[in-house]
Every structure is written in structure tokens, then in C-alpha cells.
Amino acid sequence: MNLFTKEYPPEIYGGAGVHVAELVRSLRADIDVTVRCFGRDRDEPDVFAYRPPDELNNANPSLVTLGVDLQMAEDARHADLVHSHTWYANGAGHLAKLLHSIPHVVTAHSLEPLRPWKAEQLGGGYAVSSWIEKTAFEAADAVIAVSGGMRHDILRSYPSLDPDDVHVIHNGIDLNRWQPVHDPEVVARMGIDPTRPTVVFVGRITRQKGLPYLLRAAELLPADVQLVLCAGAPDTEELMAEVTAGVRQLQEQRTGVVWIDTLLAHRELSAVLTAATVFVCPSVYEPLGIVNLEAMACGLPVVGSATGGIPEVVDDGVTGILVPIEQVTDGTGTPIDPEKFVRDLAAALIEVISDPQRARAMGEAGRQRAQSHFDWDTIARATRTVYDRVLS
């Protein structure tokens, strides 16, 4: 089997990369997996990395992606099946299917029709990425959704798909890797005060993560509450400028606003999460949210938007609190009443922070839920079942 992906260790910047790395590790217990990815050469056996042709170095990012996809598709000639992740690799998967007459399985980590803000990032390339995804999905032998909410969105976005070919297999979490790490030295080095109640956010600076709403909600939190933002990799300079202005304004109003804009090592991030009181996920679009599972594995309660796959991760009132969000249906995920969403987000955070004993109990329940519902070996077995179905 050939697995196509943009992200693969050590070049990972989002949940899709985490998913791929863990899935490959678990699948290799039973089958041969060759990984074809973007970027620098890897030392790992059966992992091959590709870079765009020099002629496309200054091209639109969507065309650069296709330049890589063409090479990956050609090299999959001996595969019995290809499995692609994200639109970056969907083109390679679809071309390999056509070129070599082999089944193509797609895992959907997000959907281009529900991320229209990507036009800010790709310009006309957003039309190209949307075309690649639509073509690949509609021709795929099977589509895997990382949540029930994602499956609903797939069938709504691509109504020509046979519902029987769209399967739900959740993201997972490695509980041996993600667990509480008590390291006061790391926490102090990050500028975090361990004596203050702390809200922590982890995510890329992209429209879907809802960071501007969190910054507004933070204005309503008690003065002693600390806000730690592990946020970087902005989609655009304009969005980075917007977030920077919001953070600076908040820092002028209150103390304890800590912005960590570099990618933390795994142990450092675990220590930051462990030292916090509550994790917040204010996303307006979130197919599942591996970052929520990571926080739960470190023993944190999660306050998250009740959208996408988040309600399938957070057990409302048990492992955290779901914040209601009524959204417009134009694909942007914008709250119909942004002020209400901001107030409700702040209220949920205050509810958790004001009861430390309940917060700890929620965190313990969260880790137990992660262990019982999101084990990678179980996910790999479910994925193998999909492979067997399309190969039969």
C-alpha cells in the first residue's frame, strides 16, 4: 500500500500530519506501507520525499502541489492501493488510480468548500485546490471521514457520493506519548505563572481556529486568569497582523497574556498543557480536533465550540463544556451572533476555572475517554477493513 501525504515527520504542522504518522506506525504492524510525502529527504525506510520541479518554484502554490503530485503518482506503479490525505495529496492519489488502475482511498481532514478563507492564502489557486479535492473525492473507491460531523459535511458538499462509500473513523491519540508532564523549569522559561488559573490555546493562526473570538472572550475573564497562546504558522500576513493587534490590545488591558509563537517540542508543549487549568478550542470549523485529544491526554478539561467533530470528542459536562454556536451556511463558519458566542465562550471558561476540583475531575475523565475511545490500533484495524472492502 502507498500512502500519500504532504506532512510526515519531522515536517508536521497540523493534525493531518499527526494522524498520518500514527496511522502508519499502527498499520505497519500488519501490512507493508510505503509513504510518499512532500519536503526534505527522510531517513526512515520506505519513506520517499518529493520536491517540486525547479520550473515551478515561483508558481502559485496549487501548481507547485500538482508538480509534486505528478511525481508521487508515477512512483506508485507497483502499489495495490493508494491512500491520500488532504487535497495536497488527493491529486496524486487520483492520478495514480487512473494511471495504474488501482483503488484510491481518501481520508478527509477538512473540506475546501468549507474553508473559503483559503482564497486569501492561495488566490486563484483556491479554485484549483477545490477542483482537485472534488475530482478525487467523487472518483475515490472509499472516503474516510474523521468524525460523524465530517461525514455529514462531505455528503452535503459532494452529494453525488454514495453514502455507503463514506466511512467514519476517528482520529486517535497515543496515550504513551501524550501524558501529564510536570516540569516547572519549562513552564517558567515560557513566562507562565503556575500559581494563576490558566487558559491555554494551541493551534495555527488560521480563520477556522477562531482565535480572534478567544481574544475578545479573554477581555471578560477575571483579572487573575492567565491566557497562554501557543499560536503560530499564520495563513496570511493580514491575519497575522489582525491577531498581533488583538494580542497587543489585550496585553494593554490585563497581565498574564503569554504568546508563544514558535513550535514547541513535544515535551515542552506537554508541560505547558499540564500546568494549565483548562484548554480552549474556539474553532468555527473543526473536523475533529486532535489538539483536544492531546489536551485531554494531559489531563485537561476542554472548553470547545459545539461544531464539527468537537462534540464527538468532548463529553459535555463530563470532560469539558461545549459552547453553542449557531453559524451562517456560506462555508465560512462565522457565528450568526458573534457577540453571543464570545460571551458564551467566556462564561464556559469562567465556569470551569471557578471550580478547580471539578476542573480536575473533568481532566481525569478526559484522559480516560481518550484512552477508551481513540486508540490508534483500533483506528488502524478499522482502516484495514476499508482497504479490504475496496480490494475485494
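A salt bridge is taken here as a side-chain nitrogen of Lys or Arg lying within 4 Å of a carboxyl oxygen of Asp or Glu. The model is a predicted one, in which local features need pLDDT of at least 70 and side-chain atom pairs count only at pLDDT 80 or more, while totals for chains, interfaces and linings use all residues. Residues are numbered from 1 along each chain as its sequence is written, and side-chain values use heavy atoms, with hydrogens and water left out.

By this rule, the structure holds 20 salt bridges. Side chains of opposite charge can pair when their charged atoms come close. One of these pairs joins Arg 51 to Asp 41, with an N to O distance of 3.2 Å. The two residues are ten apart, and the pair links distant parts of the chain: Arg 51 sits in the loop between β3 (47-50) and α2 (61-75), and Asp 41 in the loop between β2 (34-38) and β3. Helices and strands are DSSP runs, numbered from the N terminus (helices H or I, at least four residues; strands E, at least two). Solvent accessibility is described in three classes: buried is under 20% relative accessible area, exposed is over 50%, and partly exposed is in between (1.4 Å probe, protein chains only). On this scale Arg 51 is partly exposed at 43%, whereas Asp 41 is exposed at 58%.

Next come two further pairs. Glu 74 and Arg 77 form a salt bridge whose closest N and O atoms are 2.6 Å apart. Glu 74 is partly exposed, at 37% relative accessible area, and Arg 77 is partly exposed at 40%. In the other pair, Asp 153 meets Arg 156, with 2.9 Å between the closest N and O atoms. Both belong to helix α6 (residues 148-157), where, because they are three residues apart, about one helical turn separates them. Here Asp 153 is buried at 12% relative accessibility, while Arg 156 is partly exposed at 47%. Salt bridges also link Glu 11, Arg 40 and Arg 42 into a network.

Turning to the cysteines, a disulfide is a covalent bond between the sulfur atoms of two cysteines; the criterion applied is a pair of cysteine sulfur atoms within 2.5 Å. A search of the whole structure returns zero disulfides. Cys 230 takes part in none, its nearest cysteine sulfur being that of Cys 298, 11 Å away. Seen from Cys 298, the closest cysteine sulfur is that of Cys 230, and the 11 Å between them is too far for a bond. Cys 230 is buried, with a relative accessible area of 8%, and Cys 298 is buried too, at 3%.
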